[in-house]
Amino acid sequence: MIRFALALFTIVCLALPAGAERLFSSVSTETVQITSSFDGERLTFFGTIAPDAGAEQKFVEGPFHVVVVVVGPTQDRVARKKTNNFGVWLNTEQVEFKGFPSYFHVLASTRLRDITDVNTLTTNYILPESHAISPNPAGWWQTLNFGHELIRLMSEQDLFGVQENGVLFHSESFYSAQLTLPSNAPPGPYIAQTYVFKDGEIVARKSDGFAVRKIDFERFVALSATQYPLLYGLACVALALFTGWLGGVLFRR
């Protein structure tokens, strides 16, 4: 029993990296507030790479690469394909994606494929296309095609993107990255997952969270639409009728 324990301990020690690193990271703000004049917000992600607790080394040895993946709240999305049937455009095919990110942006210190292999990028959901190949009843090929088109459409709205060379190293172990959230950034919780790579392997990772929230009148409208949909709908109809009546009175004069 003792020999088995010693052998197991030896195997574990050999499997561990010789120089373990840990990551200290943070984001410049914990809350992004959306008001009527909101036109985007610039965020800064920064951190430092240090020796792991209890490590004999006092300094880390690079070179390192850093990738920051910012993911917004997830939601169910449906991608549809329209075809022309006798002059009428109809939705003929569709694929539903469960838990699809409403916002996804990648910041990297260099080209992603120069940092590590495609398999590591895919299994850790660093590539945008990783979300298009998740298991789906529609089948692998159709899911891939529809997912690719969904990502393309969301990229045109600045909701998906990859910014290689978006992470800057100010020293061998200290980095920073900047990201501008668009004005149409969905409200909700966001996660910034930071990966540290060395020789193509992930040696450290850390998650930091922040929130995008509507405040003032925008928050009141959003809450009313979700919590009291019937009253919200009746209020919109009443407002539309009143606006139409008022316009008729003014133009009549």
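**Entry 1: the sheet**

In what order do the six strands of the open sheet stand? I opened the predicted model, in which local features need pLDDT of at least 70 and side-chain atom pairs count only at pLDDT 80 or more, while totals for chains, interfaces and linings use all residues. Residues are numbered from 1 along each chain as its sequence is written, and side-chain values use heavy atoms, with hydrogens and water left out.

I read the order as β2-β12-β11-β4-β7-β8, with mixed pairing. The edge strands are β2 (31–34) and β8, each of which pairs on one side only. Neighbouring strands of this sheet are turned by 15° against each other on average, direction ignored; the axes are lines fitted to C-alpha atoms, for helices over the stretch in contact, and angles run from 0 to 180 degrees between N-to-C directions. I noted that strands here are DSSP runs (E, at least two residues) and helices are runs of H or I (at least four), numbered from the N terminus. Two strands pair if DSSP finds at least two bridges between them.

**Entry 2: strand β7**

I next looked up the partners of β7. Strand β4 (residues 65–71) pairs with β7 in the antiparallel sense over five bridges. Within this pairing, V70 has H105 as its bridge partner, and V67 has A108. β7 and β8 pair in the parallel sense, also over five bridges; here the bridge partner of A108 is E164 in β8.

Is β7 buried or exposed? Five of the five residues of β7 (104–108) are buried, that is, under 20% relative accessible area, where exposed means over 50% and partly exposed lies in between (1.4 Å probe, protein chains only). In a regular strand the side chains alternate between the two faces of the sheet. I found F104, V106 and A108 on one side of β7 and H105 and L107 on the other, all buried.

I located Q193 in strand β11 (residues 188–198). Q193 counts as buried because its relative accessible area is 17%. Beyond its neighbours within four places in sequence, Q193 is in contact (heavy atoms within 4.5 Å) with V67, V68, V69, R205, K206 and S207. The side chains of Q193 and S207 are joined by a polar contact of 2.4 Å. Such a contact is a pair of N or O atoms within 3.5 Å; within protein, one must be able to donate a hydrogen and the other to accept it, and residues adjacent in sequence count only if both atoms are side-chain atoms.

D199 lies in the loop between β11 and β12 (201–214). D199 counts as exposed because its relative accessibility is 70%. I noted a positive phi, near 55°, for D199, a residue other than glycine.
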